[in-house]
Amino acid sequence: MDTSEVEEELLSPTKEFLLTYFLPEKCYNYFFVDLDFLHVPCWKIVLSKTVGVWIILGTVMAQLPQLWKVLRARSASGISWWSVLLQVYAITGPVVYCITNNFPLEAWSERLFMFMQGLAMGFLIQHYSGNTLKGVVFLLAYGGVMLLLTSPLVPEHVIPAMQASSMLAVVASRVIQAGTNYYHGNTGQLSALSVFLVFTGSLALIFTSLQETGDWSSVSTMTHVVAACLSCLLLTQVVCYRNSCTKDKTE
């Protein structure tokens with residue numbers, strides 16, 4: 001086996017990874033065969049695919065630091081129950097839609113993971129508030145709601161309506177959490193990393209919305225912009241209140 005064949009064998013896993021997630025083969029050839037790193041159309045494709053991967057990773061991982069922080073502190077103080085409930089509602093519509101249309105699990109597993117994280121957070125808020133029974137009832141009741149929504153008893157227009165209102169629920173959720181932070185004068189157990197991941201995910205959604213519509217004034221784009229602004233507000237609150245608490249302790 002000559003040197004070129006060895007190099008090609010070593011590069012094949014990297015090439016396969018890049019072709020799978022980030023760029024088509026023609027762009028790979030432009031960049032790594034022709035060494036044409038100024039090919040603008042290919043950079044647009046790479047950016048778009050990178051944003052897509054980030055959205056998936058961000059949505060899947062965003063709540064994990066929050067769950068870990070709550071479990072470690074054994075407290076969910078500062079996290080709004082109604083905010084979490086709206087987040088669960090926002091993901092319920094897409095999950096039910098995928099179930100009722102028999103989509104393969106791998107096509108929507110990240111949404112199911114987000115849904116489970118939301119339910120877990122809802123339970124933990126009640127559990128660490130001394131209302132474990134209420135948390136269990138919440139899980140059982142929402143399980144019943146899911147069974148109802150996935151049954152033939154629900155009119156066909158209900159699920160599309162839930163999907164259409166999901167972004168409004170996300171916006172309302174962040175408004176409520178920001179209001180809770182302001183009312184208490186601190187962010188409690190709100191995870192800075194989770195808020196940051198949600199914020200960057202919102203920026204990525206703005207980019208993809210602009211790619212699809214090319215219009216800043218479209219309802220979809222403006223909704224994502226508002227959601228990103230509210231996420232930025234939450235991130236600012238986390239930083240400001242934390243710095244304020246740190247300053248008070250040192251005085």
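At 60% relative accessibility, arginine 74 counts as exposed, a label given to residues with over 50% relative accessible area, whereas buried means under 20% and partly exposed lies in between (1.4 Å probe, protein chains only). The model is predicted, so that local features need pLDDT of at least 70 and side-chain atom pairs count only at pLDDT 80 or more, while totals for chains, interfaces and linings use all residues. Residues are numbered from 1 along each chain as its sequence is written, and side-chain values use heavy atoms, with hydrogens and water left out.

The protein contains 11 helices and 0 strands, where helices (H or I, at least four residues) and strands (E, at least two) are DSSP runs numbered from the N terminus. Of its 251 residues, 37% count as buried. Among the contacts in the protein with a separation of 6 or more, 71% are accounted for by residues 24 or more positions apart, contact being defined as heavy atoms within 4.5 Å.

Arginine 74 is found in the loop between H4 and helix H5 (81-100). This residue follows H4 and has a positive phi, near 55°. The C-alpha atom of arginine 74 is separated by 9.7 Å from that of glutamine 189, although the two residues are 115 apart along the chain.

Glutamine 189 is also among the residues touched by lysine 69, together with Gly188, Leu190, Ser191 and Arg242, when residues up to four places away in sequence are not counted. Lysine 69 is placed in helix H4 and, at 17% relative accessibility, counts as buried. A polar atom of the lysine 69 side chain lies 3.3 Å from the backbone oxygen of leucine 190.

The axes of helix H4 (residues 63-73) and helix H6 (residues 109-128) come within 10 Å and cross at roughly 20°, the axes being lines fitted to C-alpha atoms, for helices over the stretch in contact, with angles running from 0 to 180 degrees between N-to-C directions. That angle makes H4 roughly parallel to H6, since angles under 35 degrees count as roughly parallel, over 145 as roughly antiparallel, 65 to 115 as roughly perpendicular and the rest as oblique. On the H4 side, Gln63, Leu64, Gln66, Leu67, Val70 and Leu71 meet Phe113, Gln117, Ala120, Met121, Leu124 and Tyr128 of H6. These residues divide into 9 nonpolar, 3 polar and no charged, with Ala, Val, Leu, Ile, Met, Phe, Trp, Tyr, Cys and Pro counted as nonpolar, Asp, Glu, Lys and Arg as charged, and the others, Gly among them, as polar.

Helix H6 is also crossed by H5, their axes coming within 9 Å at an angle of roughly 150°. That makes H5 roughly antiparallel to H6, and H5 passes H6 in a left-handed crossing. The contact involves residues of H5 including Trp81, Val84, Val88 and Ile91, and residues of H6 including Arg111, Leu112, Phe115 and Met121. In total, the residues of the contact of H5 with H6 divide into 13 nonpolar, 4 polar and 1 charged. Serine 83 is placed in helix H5 and is buried, with a relative accessible area of 2%. Not counting residues up to four places away in sequence, serine 83 touches Ser173, Ile176 and Gln177.

Terms used: Polar contact = N/O pair within 3.5 Å; in protein donor to acceptor, adjacent residues only side chain to side chain. Left-handed = near helix turned anticlockwise from the far one by under 90°.
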